[in-house]
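Here are my notes for anyone opening this entry for the first time. Have a look at the picture, then read the points in any order you like.

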Amino acid sequence: MSTALDELLDLLDVERIERDIFRGESRASVVPRVFGGQVAAQALVAAGRTVPEDRTAHSLHAYFLRAGDPGAPIVYTVDRIRDGRSFTTRRVVAVQHGRPVFHLSASFQTYEEGLEHQTPMPAAPDPETLPTAAESVLSYGENFRDPTVAGRLLDSRAAVDLRYVHAPPYATVGEPREPRSQVWFRANGKLADDPLLHLCLATYVSDMTLLDSVLLAHGRGGWTVGDVVGASLDHAMWFHRPFRADEWLLYDQESPSASGGRGLGQARIHTRDGRLAVTVIQEGVVRTPR
């Protein structure tokens, strides 16, 4: 297991300080605020630790309320909304400096048999044939707004092996493209056999690239080149089938709309053998600098 993955797992391992109150550490991300995927994953860990072990998360809905301070811990308070015979519902509020910065609702379910169908997995090249993150970032380093961006971007993603199928937004600035992006990803090391851990790793990664497709439609490079200002607003995930986040997952993303200073991204995550594992939808602020 990589040192970076060890550090990420420690970050997600929130500390229980009361029955339903948890504390998570923060760290700086590539932008001067807490990375949204970190807060969402920590909140899901906190919720999951108040749920019976035979129930796994099947959905989450979250709102990012304020920018998180990377220099301060985050306190997560879990409300036990409902414990039914099949479903369990939890609400989590994340607080920093006495103010809520994030809100999550999550639903958990016991396993049961049911009707089965899914959309087919889209075509994509094998991940081993694609450039690594380091190769991709260093190839387009001249596009970045300052020379430290490449290193910070790679450091922020060192716990994950993430590979773009097509050139990322910062590679084709000024060239509008189809609003669709694909990446393969997996944890950069072996994970324990804890279903909640794999859900939380996928939640963490899901916030990294989902709005790329919005940028592609307008030939924008993103924060790395400074031609947009953005932040996540809300985030929803549905977990359909079991998966391992330390095995290759295809994140197929597209943007159906951008308007009013906001952009919408929607995506499906498939396992390498074609099973639809997760559906993700996110809206974010996407503004052009004044």
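Predicted model: local features only at pLDDT ≥ 70, side-chain atom pairs only at ≥ 80, totals over all residues.

1. Start with α5, the helix made of residues 195–209, and its meeting with α1, residues 3–12. The two axes come within 12 Å and cross at roughly 105 degrees. Angles from 65 to 115 degrees count as roughly perpendicular, so that is the label for α1 against α5.

2. Which residues do the touching between α1 and α5? On the α1 side look for Leu 8, Leu 9 and Leu 12; on the α5 side, for Leu 197, Leu 201 and Tyr 204. This contact is made up of six nonpolar residues, with no polar and no charged ones.

3. Now turn to α2 (residues 36–48), another partner of α5. Here the axes come within 7 Å, and the crossing angle is roughly 160 degrees. With over 145 degrees counting as roughly antiparallel, α2 and α5 are therefore described that way. If you care about handedness, α2 passes α5 in a right-handed crossing.

4. From α2 come Gly 36, Gly 37, Gln 38, Ala 40, Ala 41, Leu 44, Val 45 and Gly 48. They meet Leu 196, Leu 199, Cys 200, Thr 203, Tyr 204 and Asp 207 of α5. Sorted by type, the contact has eight nonpolar residues, five polar and one charged.

5. On to charges. Side chains of opposite charge can pair when their charged atoms come close. How many salt bridges does the structure hold? The count is 16, and I'll pick out a few.

6. Arg 19 and Asp 20 form one of them, with 3.3 Å between the closest N and O atoms.

7. Arg 186 and Asp 161 make another salt bridge, at 3.9 Å from N to O. This one links distant parts of the chain, with Arg 186 in strand β8 (residues 180–187) and Asp 161 in strand β7 (residues 160–164), 25 residues apart. Arg 186 is partly exposed at 29% relative accessibility, whereas Asp 161 is buried at 11%.

8. Arg 262 belongs to β11 (residues 262–271) and Glu 283 to β12 (residues 276–287), and the two are 21 residues apart. Arg 262 counts as partly exposed, at 35% relative accessibility; Glu 283 does too, at 22%.

9. Last, a backbone detail to check by eye. His 97 is not a glycine, yet its phi is positive, at about 55 degrees. Where does His 97 sit? Look in the loop between β5 (87–96) and β6 (99–110). His 97 has 60% relative accessibility, so it counts as exposed.

Notes. Residues numbered from 1 in each chain as written. Heavy atoms only, no water. Axes fitted to C-alpha atoms, helices over the stretch in contact; angles between N-to-C directions. Helix = DSSP H or I, 4+ residues; strand = E, 2+ residues; numbered from the N terminus. Parallel < 35°, antiparallel > 145°, perpendicular 65-115°, else oblique. Contact = heavy atoms within 4.5 Å. Nonpolar A, V, L, I, M, F, W, Y, C, P; charged D, E, K, R; others polar. Left-handed = near helix turned anticlockwise from the far one by under 90°. Salt bridge = Lys/Arg side-chain N within 4 Å of Asp/Glu carboxyl O. Buried < 20%, exposed > 50% of the residue type's maximum accessible area, 1.4 Å probe, protein only.
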